[in-house]
Every structure is written in C-alpha cells, then in structure tokens.
Amino acid sequence: MTLIPELTILQPADKEQVDLPRTSEEEPAVGKKRLYIESYGCQMNFADSEIVASVMRNAGFATTSSAEDADLIFLNTCAIRENAEQKVRHRLKHLTGLKRQKPELLVGMLGCMAERLKTKLLEEEKVVDIVAGPDAYRDIPKLVEEAESGQKAVNVFLSREETYADISPIRLNSNGVTAFVSIMRGCDNMCSFCVVPFTRGRERSRDPHSIVREARDLFEQGYREVTLLGQNVDSYKWQSTDTVEITTFANLLEMVALIHPDLRVRFSTSHPKDITDDVLYTMAKYDNICKYIHLPAQSGNSRVLKLMNRTYDRPWYISKIDRIREILGENCGISTDMISGFCTETEEEHLESLSLMDYVHYDYAYMFAYSERPGTLAAKKYQDDIPEDVKKRRLNEIIARQLEHSSARNQRHVGQVQRVLIEGTSKRSEDFLCGRNDQNKMVVFPKGNWQKGQYVNVLVTECTSATLLGEVVSH
Ligand code: SAH
Ligand code: SF4
Ligand code: F3S
C-alpha cells in the first residue's frame, strides 16, 4: 500500500473524506441567478455552506451543481494546514480561466482561509470579488450587490454572538437520512499549532431550543441521524437571560435524544480536558446516542502536549480512556487525531504516540504531519525544526500502526449482530446497501427489500480495515 503523507484514512469507506471538496446541487432555477458552492475542510464548514445556501435562496439565488453554469461561485475554504490553502489557490487558477470566458461571473471566498488572509486575498488573487469570514454570512447578499456594481466587497468581522440559530440550513448533498447540526461556533482553546481560534473567533453556544427544533424538523422530514457539531462540544454551555438554569452538553444530548428513539444522535469533537462523566452516563442511558467518541490526543507525550497547549498530559488522557471503557464498555468506538513532527518532538516522544495508540486501540484516526500556520502560538514561540522527511516517516509509522488497530477492532465485530441505519446504495455495487453501526463503521450487505432510512440488524461475516460485510438477520 502506498502511504500518502497527508491524509485522512481508516474511517468508514463511504464517509466523505475531509480533504475532498463538496459541491452544491441542482435546484430549480427559473428566473433566478445561479450559485455554485464548493466546500473544503471540516464538517462545520460543510454545515456553514448549508447556511449560506439558505441566506442566498432568500436573496434570489438557486444552487447549481455546475461551476460553468453559475453566475456566482463561492469557495468555502479551510486554513488548517498549508496544503488546504494550496488546494484552494490551485482551484482559483481554474476559475480565472472560467472568468476570462464569462467576465460577469463573480467569485467569493468564504470560510477560514478568507478570514485568515482578509483583504490580502484580494491583492494576491485578482479573480476574487468577495471575501466573507465565517461570521459574516448574513451580510453576503449585500456583499454580492456591491460586487455586482463593480466594487470588491469584504466582511471579515468576527462576532461574539452569531450562531445563525434562526436560519434553516438548505441540506446540500444530502442522503436524506443523516444531517449535521451546529451547536456552537468558534474556539477558546488556543492549542499552539491551531489556526481555528483566529479564523472562527470566540467560542459561543447556540440556544438549545433552536437546536432541538432543527433536529425535530429533520426527524419529521425523514432524517434518522443528527451529528451535533462544535470544535469542542463538551464546553457547550447555554444560559438564557431570563433563568439561572444552565444547559450543559450532557443536558443538550439528552434533550436531542428524547426527540424520538429512532433518531440517532452523534457528536463531534470532544476535548479530553472537558469530556465529563455526565456526558458518558448520558450516552449510556440512551440507546439512540451512538457509542462512539472522537477524542483527539494529538500526541502521546506529556512534554509535547504541554508545548501544544492541550492542557492535559498523557496520564490524564489515559484516565479519560479508562473512564469511557468503564462506563460504556469495550465496544464503544474511539477515534483520534494525531500530529507527527511537532516542534522539537524527539524520536522517543514520537514512540510515545505509538505506544498511546497501542494502549487505546483506536477504531479510526485522522493523522497529519505538522504544518506551521502563521500567527499561531507555535509559529511565534517554537521553531518548526523537524525535517519534512522525518515528519513523513513518523506519520507513516503512525498510519501503519493505526491500520493494524483498525483491522483488529473491526475483526471484533465479526460474528456479532450490529444495528445499522441504512444510508443508501453501496458505492461498489447496486445490489448492496450500506449504513453505519453505532460505532460509526460502514456496514455493507445485500439489498433485499430494505430501504434507506430503515434500521436493520446485520450479522457481520467479514471485514476489511475500513468496512464490515454481512447480511440482514432481522429488522
Ligand atoms: N477541535 C478539534 C480539531 C479541529 S482541527 C480538536 O480540538 O481536536 C482538526 C485536526 O487538525 C486537529 O485535531 C489536528 O490534529 C489537526 N491540525 C490542526 N492544526 C494543525 C497543524 N498546524 N498541522 C497539522 N495538523 C493540524
Ligand atoms: Fe484548534 Fe485546539 Fe480549538 Fe481544536 S480545540 S479547534 S485543535 S484550538
Ligand atoms: Fe478548516 Fe476552518 Fe474547519 S480551518 S478544519 S474549515 S474550522
């Protein structure tokens, strides 16, 4: 197998890879202008594009799946690693060609790269007409009007309050079964390697009633799974102005789980410093809260974790894993993010990342070579001193170790019956359906007369490192 140095692997086969852009879909467009949106980066960015599509629909735009047909093109960008930005720059070259053929075409940059570079983007990339940061999406129709009158338009103001709570997202690329629901925005953590606090601003939580309403509407439309999204969901906290009561993440999870037993609830991302026993007990209490936790470690060495400003050390992280296993059992899926070659990381410290992986036996992992981001604490304070080839070699070791663990963890399911929510036809064959089990693993099985949106019990007969294969035994 070739190991690609910078990638997201070992997740269920049909899951959208974080580094593949997603594009908007065709809507009826009679008498309307056409908008094409391409989204990069994390699930929060994809969820934001659905907010943008909604704002733009009210301003008379219909989405299209073809950039060539569009009057307006938005790239919703990511800034997390250098290559995420390079990908977008490359895409802008293509759009420059498109604009040459169609001079009235407008190009807008949204999201984290737009926020990071601000007006610099307009100087560096002549094709760009509009720059809008993550908290400026209500203002986009005005920015488009300005651009239509021939001016460059920018709004990169970061808000302390904006949560877009009242905007009903338009689901893009939806399978009609699973959906993302943003529960908070921004991040206050200041991990030293990370650009997110600078691109998404201060952490703020969304009114729980608007979250429950959105999830209930989804259920009524036939959706059967919601994933609650935030950079650090465990620090979710809401206090309304008229009561002293505080809604914590555990409370919110319970409120969403109570909507209907057939609505599955997932969430991402958990921070090891903040995940509480309350959350774990709430997960244990409700069958429809999926037993799967994404708990990024980043490193297995306490000194490196300190430099990363993660505010926990190796023993703390291990104690959280032990707690998850105690309260939710061995079957609870756990995944991580790992960074190789952070500033000053020694060979022994790298080996501690591998030994942490051996301890936990993660089901999946998202693994990256450290990429210095301008303006972050690490860029200011530490030298990016690990040579690229060493970072890549360490990353490949991490990936190889994870492959072993993913295979072993999947192997455990062989012979077990798994409850699966059907998401659609398998990508490999029309005769097979696919869906996820509780632990977020993709399960593929012969179609029979089953339909997407139904739950089935599947006896797992085989597995690969990414997928479980089986047959339906009951309903
Ligand atoms: N809020 C989440 C992660 C958001 S970013 C959390 O706290 O875990 C997703 C992942 O990208 C991070 O977990 C980290 O592993 C990776 N990442 C962030 N900045 C990076 C950088 N400068 N270089 C390499 N990987 C990075
Ligand atoms: Fe970045 Fe850390 Fe916030 Fe995650 S918790 S978004 S890694 S600063
Ligand atoms: Fe990228 Fe911004 Fe998400 S930097 S990972 S799109 S929060």
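This is a predicted model: local features need pLDDT of at least 70, side-chain atom pairs count only at pLDDT 80 or more; totals for chains, interfaces and linings use all residues.
Biologist: Into which domains is the protein chain divided?

Modeller: The assignment places domain 1 at 8-155. The other two are domain 2 (178-411) and domain 3 (417-474).

Biologist: How much area do domain 2 and domain 3 bury between them?

Modeller: The size of an interface is often given as the accessible area lost when the parts come together. The centres of domain 2 and domain 3, taken over C-alpha atoms, are 26 Å apart, and the contact draws 22 residues from domain 2 and 18 residues from domain 3. Carbon and sulfur atoms carry 44% of the buried area, whose total is about 1500 Å².

Biologist: Which residues form a salt bridge, with closest N and O atoms 2.7 Å apart?

Modeller: Between domain 2 and domain 3 the count is 1 salt bridge, and 15 residue pairs are in polar contact across this interface. With D363 in domain 2 (178-411) and K441 in domain 3 (417-474), the salt bridge asked for joins D363 and K441.

Biologist: Which element gives the largest share of the side of domain 2 that touches domain 3?

Modeller: Both β15 (264-268) and α14 (388-411) supply at least two residues of that side. The largest share amounts to 6 residues, and it comes from α14.

Conventions
Residues are numbered from 1 along each chain as its sequence is written. Chains are lettered from A and ligands numbered from 1 in the order in which they are written. Side-chain values use heavy atoms; hydrogens and water are left out. Domain bounds come from an automatic or database domain assignment. Contact means heavy atoms within 4.5 Å. Buried area is the accessible area (1.4 Å probe) that two parts lose on being put together, summed over both. A salt bridge is a side-chain nitrogen of Lys or Arg within 4 Å of a carboxyl oxygen of Asp or Glu. A polar contact is a pair of N or O atoms within 3.5 Å; within protein, one must be able to donate a hydrogen and the other to accept it, and residues adjacent in sequence count only if both atoms are side-chain atoms. Helices (H or I, at least four residues) and strands (E, at least two) are DSSP runs, numbered from the N terminus.
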